Amino acid sequence: SIQIVPSAEAMRSGMARSLFLFAAALVSLLPGIAVAQGRNEGQRHAKLWAAMTVQQPVIPKNRTNDISLTFAIVNDEDSTVNPGVPKSHLLINGVELKEWEFISSNGPGTSFDSALPPNRAWMKTYSLGKYFQKPGVYTVRWWGENFKAVDLTFRVLPGD
């Protein structure tokens, strides 16, 4: 029987071709991977980036009434979207803040509340000190239909 054994050069050429095809396939997937990494987990329809901040990571108990959280959403879409903040969810240490819809839809607003243009930011600050009166570590989670912010953690210290 005759056995055909490829030469070392033919094997290198075949490996190079296979490696090239693999790299080409991987490069074609990169835009999808980049988009997936750029979106926050939980985004279903629009590309919205969201974040929260607190003025200090450590707050003395006698200053809890001054605690304000700032919420922001950036529209990474090519069209105007409704960020849907009043229908979003806010959890403090795993417990949903039932008043959130009322809080987030109350007070002065702008057209961005319901129609956030491309590459623009919606941002509001809410005084929420009454929810952080006890000393301890607080983790705040915020998400909506098309966004999910990274959890925010800060601490209230006992005393002054």
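Read along the sequence, the protein chain goes α-β-β-β-β-β-α-β-β-β-β. That makes 2 helices and 9 strands. Both are DSSP runs, numbered from the N terminus: helices are H or I with at least four residues, strands are E with at least two. Before I go on, this is a predicted model: local features need pLDDT of at least 70, side-chain atom pairs count only at pLDDT 80 or more, and totals for chains, interfaces and linings use all residues. Residues are numbered from 1 along each chain as its sequence is written, and side-chain values use heavy atoms, with hydrogens and water left out.

Now the overall numbers. The protein chain has 160 residues, and 29% of them are buried. Buried means under 20% relative accessible area, exposed means over 50%, and partly exposed is in between, with a 1.4 Å probe and protein chains only. The chain exposes about 10,400 Å², and carbon and sulfur atoms supply 58% of that. Those areas come from the Shrake-Rupley method with a 1.4 Å probe; for residues, only the protein chains shown count as cover. Next, contacts, meaning heavy atoms within 4.5 Å. Take those between residues at least 6 apart in sequence: 67% join residues at least 24 apart.

Let's look at strand β9, residues 152-157. Its side chains alternate. L152, F154 and V156 point to one face and are buried. Which strands pair with β9? Strand β2, residues 58-60, runs parallel to β9, with 3 bridges. Strand β7, residues 136-144, runs antiparallel to β9, with 5 bridges. Two strands pair if DSSP finds at least two bridges between them. For landmarks, V58 stands opposite R155 in β9. V140 has L152 in β9 as its bridge partner.

On to the core. In soluble globular proteins, nonpolar side chains tend to be buried together. Here the largest nonpolar core has 30 residues. A nonpolar core is a set of buried Ala, Val, Leu, Ile, Met, Phe, Trp, Tyr and Cys residues joined through side-chain atoms within 4.5 Å. Which residues have the most contacts inside it? They are F71, F132, W142 and F154. β1 (48-54), β3, β4 (89-92), α2, β6, β7 and β9 each supply at least two residues of this core. β1 gives the most, with 4 residues. F132 is worth a click. Leaving out residues up to four places away in sequence, F132 touches T64, I67, L69, I92, Y138, V140, F154 and V156.

Aromatics next. The structure holds 9 aromatic pairs. Rings of Phe, Tyr and Trp (its six-membered ring) pair if their centres lie within 6.5 Å; planes under 30 degrees apart count as stacked, over 60 as edge-to-face, and the rest as tilted. F71 and W100 form a tilted pair, 5.0 Å centre to centre, with 45° between the planes. This pair links distant parts of the chain: F71 is in strand β3 (residues 68-75), W100 is in helix α2 (residues 100-105), and they are 29 residues apart. Both F71 and W100 are buried. W122 and W142 form another tilted pair, at 6.3 Å and 35°. W122 sits in strand β6 (residues 121-127) and W142 in strand β7, 20 residues apart. Again, W122 and W142 are buried. F71, W100, W122, Y126, W142 and F147 form one aromatic cluster.

S68 is in strand β3 too. Buried or exposed? S68 counts as buried because its relative accessible area is 19%. Among its contacts beyond four places in sequence are T53, T125 and Y126.

Last, charges. Side chains of opposite charge can pair when their charged atoms come close. How many salt bridges does the structure hold? It holds 4. A salt bridge is a side-chain nitrogen of Lys or Arg within 4 Å of a carboxyl oxygen of Asp or Glu. K87 and E101 meet at 3.0 Å, N to O. K87 lies in the loop between β3 and β4 and E101 in helix α2, so the pair ties together parts 14 residues apart in sequence. K87 is exposed at 61% relative accessible area, while E101 is partly exposed at 41%. D151 and R141 meet at 2.6 Å, N to O. D151 lies in the loop between β8 (147-148) and β9 and R141 in strand β7, so this pair ties together parts 10 residues apart in sequence. D66 and R63 also form a salt bridge, at 2.7 Å, N to O.
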